[in-house]
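Have a look at the model, then work through them in order.

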Amino acid sequence: MNPDVTRRDLLCGGVAGVALAMSQSPWSAFGFAALEPGDELVPFVDPPPVVPDQVAWNQQPDWLTATKDIFAVSHYGQAKLDAEHWKLEITGFVEKPIALTLADLKARPRKEFTATMECSGNGAGAKFLGAVANVRWTGTPLAPILKEVGVKPDGIEVVFFSADQGREKIRDNEYPQSFARSLALTDAMSETVLLAYAMNGEPLTQAHGAPVRLIVPGWYAVAWVKWLSRIELHDRRFMGRFMGRDYVTIRGEQVGDKVVWRETSVSRLNPKSIIAEVVRKKDHMLRVSGAAWTDLTGVKAVEVQVDAGAWMPAELEKKDDGTYSWTFFHFDWKDAKPGEHTLVSRAIDNAGRTQPAKDDPSMKLKKTYWEANEQFPRKVKV
Ligand SMILES: Nc1nc2c(c(=O)[nH]1)N[C@H]1C(S)=C(S)[C@@H](COP(=O)(O)O)O[C@H]1N2
Ligand SMILES: [Mo]
């Protein structure tokens with residue numbers, strides 16, 4: 001079963017069986033400042049196909065992604081929930097199971113922050129781009145609620161079930177299954193995990209999980225369960241389709257003359273950056289700009305390489321609310337010769353991880369397309 005993936009309801013194509021739609025280009029998600037008088041956009045030679053009726057990304061001046069421009073992924077179609085009668089059950093290995101209404105959640109301490117949400121398939125192919133967004137989320141933290149219900153000593157796994165359902169074949173039988181993902185209790189207790197009811201200052205839209213979804217900053221979006229309906233505490237690991245079968249990354253590591261293979265469930269974001277724009281400034285200098293993000297350790301540096309030369313430091317443009325959000329960067333390219341050039345960026349995070357090139361062994365031995373954080377070269381004609 002393929003998920004529905006939409007971006008402004010425009011279907012563009014597919015990769016590895018995943019249908020995808022997106023706006024004009026991945027860059028539309030970013031939102032850089034409008035050009036100044038005298039500035040000139042240097043077009044990429046290798047742009048993804050331009051869809052004429054889309055707003056150009058550089059005309060979206062906001063650091064946040066407008067809700068209408070955010071990609072949407074749903075594996076079982078969209079659930080339609082009645083917010084009035086909706087309840088969130090919290091049950092399983094807890095002392096006091098409860099069911100919270102939307103009003104109950106809104107009456108609790110309110111927390112708001114910006115966080116980057118990326119589908120772990122984003123960037124895995126020429127047409128699977130743009131599945132990343134920077135959004136202001138509002139909700140209430142999960143941790144105090146888990147404390148109040150009293151997790152029993154054996155409760156080690158927090159499983160989030162949603163209202164959207166499909167049928168899954170497991171071995172030889174089919175079963176109705178809700179979309180579900182889990183977090184280890186220690187991860188779920190992080191103060192950053194939110195039960196969100198608003199995005200960009202408005203109630204969550206249906207496509208993005210109304211009335212309530214989970215926000216897990218620093219994790220790939222598959223963990224950000226939409227249309228939340230039940231939270232269960234379990235005493236063992238949860239292995240549903242989206243934990244144990246899909247969204248599983250297979251990576252090999254060369255150890256001596258052997259390759260050791262490991263399968264892991266998609267979880268924390270890997271460092272990633274992308275060059276989104278090249279502008280010729282009035283003084284003829286070329287400004288190369290882009291965005292970078294990673295897990296909660298944060299982006300430490302971004303470097304830019306021209307025509308496979310030395311890596312050069314870019315300048316980070318951190319924002320005040322940037323804790324969990326992407327960082328913009330720019331690099332001033334001073335001695336560009338006329339002709340075609342290849343530009344590429346790489347992010348380095350505070351955990352010391354560097355965004356790998358496509359032919360880096362770590363990427364070559366990654367055999368599933370999730371966690372596609374390889375460098376993304378761009379060609380420009382100067
Ligand atoms: N209930 C539910 N939550 C879900 C999904 C889903 O199919 N059902 N898809 C996940 C995946 S794979 C992604 S990439 C994000 C996408 O969030 P968005 O649609 O708000 O962009 O939602 C996640 N949460
Ligand atoms: Mo995803």
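This is a predicted model: local features need pLDDT of at least 70, side-chain atom pairs count only at pLDDT 80 or more; totals for chains, interfaces and linings use all residues.

**Exercise 1.** Which residues does Thr 249 touch, not counting residues up to four places away in sequence?

*Solution.* Residues are numbered from 1 along each chain as its sequence is written, chains are lettered from A and ligands numbered from 1 in the order in which they are written, and side-chain values use heavy atoms, with hydrogens and water left out.

Step 1: list its contacts, meaning heavy atoms within 4.5 Å. Thr 249 touches Arg 262, Glu 263, Thr 264, Val 266, Lys 366, Thr 368, Trp 370 and Glu 371.

Step 2: check its surroundings. Thr 249 has a relative accessible area of 0%, so Thr 249 is buried (under 20% relative accessible area; exposed is over 50%, partly exposed in between; 1.4 Å probe, protein chains only).

Step 3: look for a side-chain partner. The side chain of Thr 249 makes a polar contact of 2.5 Å with that of Glu 371. A polar contact is a pair of N or O atoms within 3.5 Å; within protein, one must be able to donate a hydrogen and the other to accept it, and residues adjacent in sequence count only if both atoms are side-chain atoms.

**Exercise 2.** Where does Thr 368 lie, and which residues does Thr 368 touch, not counting residues up to four places away in sequence?

*Solution.* Step 1: Thr 368 sits in the loop between α5 (361-364) and β25 (378-381).

Step 1: its contacts, with those up to four places away in sequence left out, are Val 248, Thr 249 and Ile 250. A polar atom of the Thr 368 side chain lies 3.0 Å from the backbone nitrogen of Ile 250.

Step 2: Thr 368 and Tyr 247 are 121 residues apart along the chain, and their C-alpha atoms are separated by 8.7 Å.

Step 3: Thr 368 counts as buried because its relative accessibility is 17%.

**Exercise 3.** Is Glu 118 buried or exposed, and which side chain does a polar contact join to that of Glu 118?

*Solution.* Step 1: locate Glu 118 in strand β8 (residues 111-118).

Step 1: its relative accessible area is 1%, so Glu 118 is buried.

Step 2: a polar contact of 2.9 Å joins its side chain to that of Trp 293.

Step 3: beyond four places in sequence, Glu 118 touches residues including Phe 71, Tyr 220, Ala 221 and Lys 272.

**Exercise 4.** Which residues of the largest nonpolar core touch the most other members?

*Solution.* Step 1: a nonpolar core is a set of buried Ala, Val, Leu, Ile, Met, Phe, Trp, Tyr and Cys residues joined through side-chain atoms within 4.5 Å.

Step 1: among the 68 residues of the largest core, the answer is Trp 137, Phe 160, Leu 195 and Trp 224. Strand β12 (residues 194-199) gives the most to this core, with 6 residues.

Step 2: a second, separate core has 18 residues, including Val 278 and Trp 333.

Step 3: for the whole protein, buried residues make up 53% of the 382 residues, and the secondary structure comes to 5 helices and 25 strands.

Note on methods
Helices (H or I, at least four residues) and strands (E, at least two) are DSSP runs, numbered from the N terminus.
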